Amino acid sequence: MSGDKLKEECGVFGMYDRDGNNVVPSIYYGLTALQHRGQEACGMAVSDTSGPKGNMKYHKGMGLVSEGMKEDALKGMKGNLGIGHVRYSTTGASTPENAQPLVLSYVKGSLALAHNGNLVNTEELRRKLEEAGAVFHTTTDSEVIAYHIARERVRTDTVEEAVKNTAKKIRGAYGLVIMSPRKLVGVRDPLGLKPLCLGRRGNAYVIASESCALAAVGAEFVRDIRPGEIVTITKEEIRSDMGLAQETHAHCIFEYIYFARLDSTMDGINIYDARIRGGRALAKAYPAEADVVCGVPDSGLAAARGYAMESGIPFELAFHKNSYIGRTFIKPTQEERESSVHMKLSILEPVVRGKRIILVDDSIVRGTTIANLIHMLKKAGAKSVHVRISAPPFLHPCYFGTDVPSNDQLIAVSHSPEEICQLIGADSLGYMKLTDLPDMVGNLPYCSACFDGNYPMTV
């Protein structure tokens, strides 16, 4: 994790155009729409279903989609079936070999896989494969999944059977898109921890982590892929297998608080509406005497608007965000990372000078970023800054693909809210109450283990 913001692990995108049209441009734009889910590496793999089997082409690169997949690199790639991936590393280092999709050649042909999430039994599965002679080229849990699918495929009639047999062995959170030379397969973990949805554009079908990626390529949202569902798309049909399904679900609550893009809808919940409800709940639980409500761009803006709507205090923009600043995780020292906050955000002084500010953000992890912002506001003339956080305090690590760090790096583990308030220089501090989370997501079953320690499986 870099700076003081959490990162998702990945975003996945798959497309099958049954009319034979090239899907490379659509995958590029779909991944660009999912860029918020991973900024360290990207890649795509494509297949021409009318050509010889096993003729997969792929390209992977480091950085943003616009950096890692230049036009020259994609010129030679063409196919009507393909998958793509944007990555932020939680399992496995940020290196070129760990970029996805993973492409395997084996006795039955070729296979490509892109994975969002994190397994909790990776070490056990990896050890068994190594004992059987497998040689790993990456340090990711995704390669463990790919190897198991390839081994199962030797013993089964179809790739979807191999995927199902593998899914019975793996434990954890996953949204998978898998491509054989003639099929596109999407798989969602039985708890529904990771999101996955299905879209359609004419005679082309899309599987993606978020609905915003469907809109980016002109596809209609068809439905969410259900927890424990395997969807197989071929030239002739779409098949659904619910053999992995279970009654208990636990959708990641932080998708709704922070990760998902504001224009996405996930499991029937509109992300913008959820964050407005979160802000309203904050205003009811922690009112304050103030002149304006402001949000930290971009993730705190919707909750700030909700707080303003409920409290009747005007909503204002206190920060200008420089959209052209490079990513800050490459900064070599903490001092340089902290100075990058000033490069990314500048204060709109006329808005804050002489005002009592309510500042809304989505989370406090270490506390460094929010402390910098409070200092900037007060230096610009704010009379007081009351901080409101649209998530409960982080008290436990996440094992499912979100980089909540170890307990010794979580400020809320070793400090009370009153102590944190003093450390960050706020005039008051209020966190979202755990009891307000159900209203935020319409009573959707969710995982909030990073807040309450109640993990939905043994970890």
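## Cysteines

Cys197 is buried, its relative accessible area being 1%, and in this predicted model the cysteine sulfur closest to that of Cys197 belongs to Cys212, at 8.3 Å, which is too far for a bond. Cys42 likewise counts as buried, with 0% relative accessibility, and its sulfur lies 12 Å from the closest cysteine sulfur, that of Cys10, again too far for a bond.

A disulfide is a covalent bond between the sulfur atoms of two cysteines. A pair of cysteine sulfur atoms has to be within 2.5 Å to be counted as one, and the structure holds 0 disulfides.

## Helix H5

Helix H5 covers residues 141-155, and its 15 residues reach 22 Å from the first C-alpha to the last, which is close to the 21 Å expected at 1.5 Å a residue. This helix is mostly covered, since 12 of its 15 residues are buried; among them are Asp141, Glu143, Tyr147, His148, Glu152 and Arg153, together with Val144, Ile145, Ala146 and Ile149.

## Helix H13

Helix H13 is made of 12 residues, 368-379, and at 1.5 Å a residue it should span 16 Å, which agrees with the 17 Å that separates its end C-alpha atoms. The buried residues in H13 include Thr369, Ile370, Asn372 and Leu373, and also Ile374, Met376 and Leu377. After H13 comes Gly381, which has a positive phi, near 110 degrees.

How values were computed:
Residues numbered from 1 in each chain as written. Predicted model: local features only at pLDDT ≥ 70, side-chain atom pairs only at ≥ 80, totals over all residues. Heavy atoms only, no water. Buried < 20%, exposed > 50% of the residue type's maximum accessible area, 1.4 Å probe, protein only. Helix = DSSP H or I, 4+ residues; strand = E, 2+ residues; numbered from the N terminus. Expected span 1.5 Å × (residues − 1).
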